Amino acid sequence: MALAGFVDEISRSRIEGWVVDSDRPGEAVAVSIMVNGEHRGMCLTTDARPDLVTPSGEPVTGKCGFHFAFDPPLSPFIEQRVDVVETWSAEVLPHGSAILPRPRVDRGSSTAIVPVLLTSTGRTGTTLLMSEF
């Protein structure tokens, strides 16, 4: 299996890219998504990518693009390592690894703001709590 491809985007909400097996260019390639070493999902190359060309300058025919959406998106409060691999060989695609850092908080600064999301049902004291913030 001789893979050629590239991961265009890795974010906390989605992954996009393309991959083609040069030994079997007309067949779909299975792509697995690993987050912190755990399998989080899989997708197939089902999208046409008219923006791609071969090294000789000819447009790539067939469906070689893929996209994967995290549902729900990955947590922004912890560091995440994301790897995009071909499912059967476990070969990491080019540009297919990324570490999504957690937000940096400058503890030494008096202006450091840490986001807080608070939800609750009604009539449970949230008005009093919000007045404290």
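Predicted model: local features only at pLDDT ≥ 70, side-chain atom pairs only at ≥ 80, totals over all residues.
Residues are numbered from 1 along each chain as its sequence is written, and side-chain values use heavy atoms, with hydrogens and water left out.

**Charged pairs**

Let us stay with Glu-27 for a moment. Its side chain meets that of Arg-24 in a salt bridge, meaning a side-chain nitrogen of Lys or Arg within 4 Å of a carboxyl oxygen of Asp or Glu. Arg-24 is partly exposed as well, at 38%. Side chains of opposite charge can pair when their charged atoms come close. How many salt bridges does a search of the whole structure find? The count is seven, and the table shows some of them.

| Glu-9 | Arg-14 | 3.0 Å |

Arg-14 is partly exposed at 37% relative accessibility; Glu-9 is partly exposed at 26%, and Glu-16 at 27%. Elsewhere, salt bridges link Asp-8, Arg-49 and Asp-51 in a network.

**The sheet that starts with β1**

Strands here are DSSP runs of E with at least two residues, numbered from the N terminus. Four of them make an open sheet with antiparallel pairing, ordered β1-β2-β6-β5; two strands pair if DSSP finds at least two bridges between them. β1 and β5 (47–48) are the edges with a single partner strand each, so one side of each has no neighbour in the sheet. Inside this sheet, five bridges hold the antiparallel pair β2 and β6. Which residue of β6 stands opposite Ile-15? Phe-68 does.

**The sheet that includes β7**

Another open sheet of four strands runs in the order β4-β3-β7-β8, also with antiparallel pairing. Its edge strands, β4 (38–44) and β8 (92–100), pair on one side only. On average, neighbouring strands of this sheet are turned by 20 degrees against each other, direction ignored; axes are lines fitted to C-alpha atoms, and angles run from 0 to 180 degrees between N-to-C directions. β7 and β8 are antiparallel and joined by five bridges, with Gln-80 opposite Leu-100 in β8.

Asp-83 belongs to β7 (residues 80–86). Is Asp-83 buried or exposed? At 13% relative accessibility, Asp-83 counts as buried. Its side chain makes a polar contact of 3.4 Å with that of Arg-81 (a donor and an acceptor among N or O atoms within 3.5 Å; residues adjacent in sequence count only through side-chain atoms). Leaving aside residues up to four places away in sequence, Asp-83 touches Ser-32, Ile-33, Met-34, Gly-96 and Ser-97, where contact means heavy atoms within 4.5 Å.

**The core**

The largest nonpolar core has 19 residues; such a core is a set of buried Ala, Val, Leu, Ile, Met, Phe, Trp, Tyr and Cys residues joined through side-chain atoms within 4.5 Å. Ile-15, Val-31, Ile-33, Phe-66, Val-82, Val-84 and Leu-93 touch the most other members. Elements giving two or more residues to this core are β1 (3–10), β2 (14–21), β3 (30–35), β6 (63–69), β7 and β8. Beyond residues up to four places away in sequence, Ile-15 has contacts including Val-7, Ile-33, Phe-66, Val-82 and Val-84.

Technical notes
Buried < 20%, exposed > 50% of the residue type's maximum accessible area, 1.4 Å probe, protein only.
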